[in-house]
Amino acid sequence: MRKRVLFIASECVPFVKTGGLADVVGSLPKYFDQEAYEVRVIIPNYMCIKTEWKEKMNFVTSFYMDMAWRSQYVGILELEYEGIQYYFIDNEYYFAGDRPYGYIHEDIEKFAFFSKAALSILPIVDYKPDIVHCHDWQTGLVPVYLKDSFHEGEFYANIKSMMTIHNLKFQGSWNIPAVQDATGLNMSYFTSDKLEAFGDANYLKGGIVYADLITTVSRTYAEEIKTPFFGEHLDGLMRARSEFLYGIVNGLDYYEWNPETDSMIYKNYSVDTFRKDKVKNKLELQKELGLEADKKKMLIGIVSRLTDQKGFDLIDCIMDELCQDEVQIVVLGTGEGRYENMFRHYAWKYGGKVAACIYYSDELSHKIYAACDAFLMPSLFEPCGLSQLMSLRYGTLPIVRETGGLKDTVEPYNEFKETGTGFSFTNYNAHEMLGAVRYAESIYYDKKRSWNKMAERAMNADFSWKSSAKQYEELYEKMIPQD
């Protein structure tokens, strides 16, 4: 008998995406053992989903659902894609607009509706899951509703819930009267041991309190969020539930990110051919971006949102010093104005040495991962991170700060044992970061054979979704009562 797992989330590739959450929800279900698990996915039917997908959806049925003191329309659409069954909750009042998220006070009501509707459609589509796997604060109410209005009755009996935290910073908090009005939950739920946090109602906290198991997107981040610095005021709760908290690193789509078959890069290469072919990507990128064309010069890449969280205040401190070294730097991304302007300034000041691409291009990101020698990612915190996985896949050695998923996925180089897949530093300190970059430079220029061996190990590392799916399967087995 196949186990049934239902993913409930606010976004999912290829239908709608604002961040890494969509990649997880879109990719992970395909990698479970299809003979042992039947996985289905529910997301909102946003108006901003492209017409090409809308045209493929089939209307199932509609009904009205009690939502606190109101009655709301719930439409169900379905679509099978790459072997996975998707359901879309339709309600134009909530899901109109040109983007999935808007103002937080509107989102609070929108995702209360979505959480309740997602559970309400299950008997209608005749799918009773063993486990409901919820993602981030937008679905934090699902475990709460499972213990509340869906607790009665045969159909919902024994359904277990898992809550995955992709980034603890986003919690879905708003004032208690408004949340009580939107959710219809009894006031007894708004106490400090349940949904209340610092005077407000907190969706994510509700999910963490009521879920049977909690996961987050790396082992190190699961430990970090038990501390005040990373815990975003919920560290006490994370410590209290630590027995039910697990960290599983996100995977990478190894079909999309594959230097052997990637149609976006200049020259394909493999772990066997990268020594002679990877450099051809570098020369082409240098020409395209107006950098001095020199295959021997170390090229450092950055592809990121330009924000404090990603460590750009550290780069700001040492950028002038770094530009004195024998390196070139290419940056791709948008974000805070001061960082956008900082990179524009250095591209002007060090023409031929720094390329500032202050926009986003999927194609250029592939070219950067393929062309660069090293990839800089000095994040203040990083629940999982995907850029370092992409750079490893392309034999571009990451230079990272030891936090969250960066610590779990990048093994620091050990020159005595000849192990490692990149370089790292521990403290959030600009000159400690510069020291790590300069150590990488010294290996690149003086120990090229060691560098290439490291790139080979990086390309051979396995961070595909397959290994993540296996770890989730182990947790599912723990949750489902054995017959």
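Here is a short walk through some aromatic rings and charge-over-ring contacts in this predicted model.

Start with the overall tally: the model has 37 aromatic pairs. To see one up close, select tyrosine 46 and phenylalanine 95. Their ring centres are 5.7 Å apart and the planes sit at 80 degrees; planes over 60 degrees apart count as edge-to-face, so that is what this pair is.

Now zoom out and color by secondary structure. Tyrosine 46 is in the loop between strand S2 (37–44) and helix H2 (51–54), while phenylalanine 95 belongs to helix H3 (residues 92–95), so this contact ties together parts 49 residues apart in sequence.

Phenylalanine 113 comes from helix H4 (residues 104–120), so to speak a distant partner for phenylalanine 95 in helix H3: the two are 18 residues apart.

Tyr46, Phe95 and Phe113 are among its members, along with Tyr93, Tyr94, Tyr101, Phe111, Phe114, Trp137 and Tyr203.

Select tryptophan 53 and lysine 56: the lysine lies over the face of the tryptophan, 4.9 Å from the ring centre. Then jump to tyrosine 254 and arginine 393, where the charged end of the arginine sits over the tyrosine ring at 3.9 Å from its centre.

Note on methods. Residues are numbered from 1 along each chain as its sequence is written. This is a predicted model: local features need pLDDT of at least 70, side-chain atom pairs count only at pLDDT 80 or more; totals for chains, interfaces and linings use all residues. Side-chain values use heavy atoms; hydrogens and water are left out. Rings of Phe, Tyr and Trp (its six-membered ring) pair if their centres lie within 6.5 Å; planes under 30 degrees apart count as stacked, over 60 as edge-to-face and the rest as tilted. Helices (H or I, at least four residues) and strands (E, at least two) are DSSP runs, numbered from the N terminus. A charge sits over a ring if NZ of Lys or CZ of Arg is within 6 Å of the ring centre and within 35 degrees of the ring normal.
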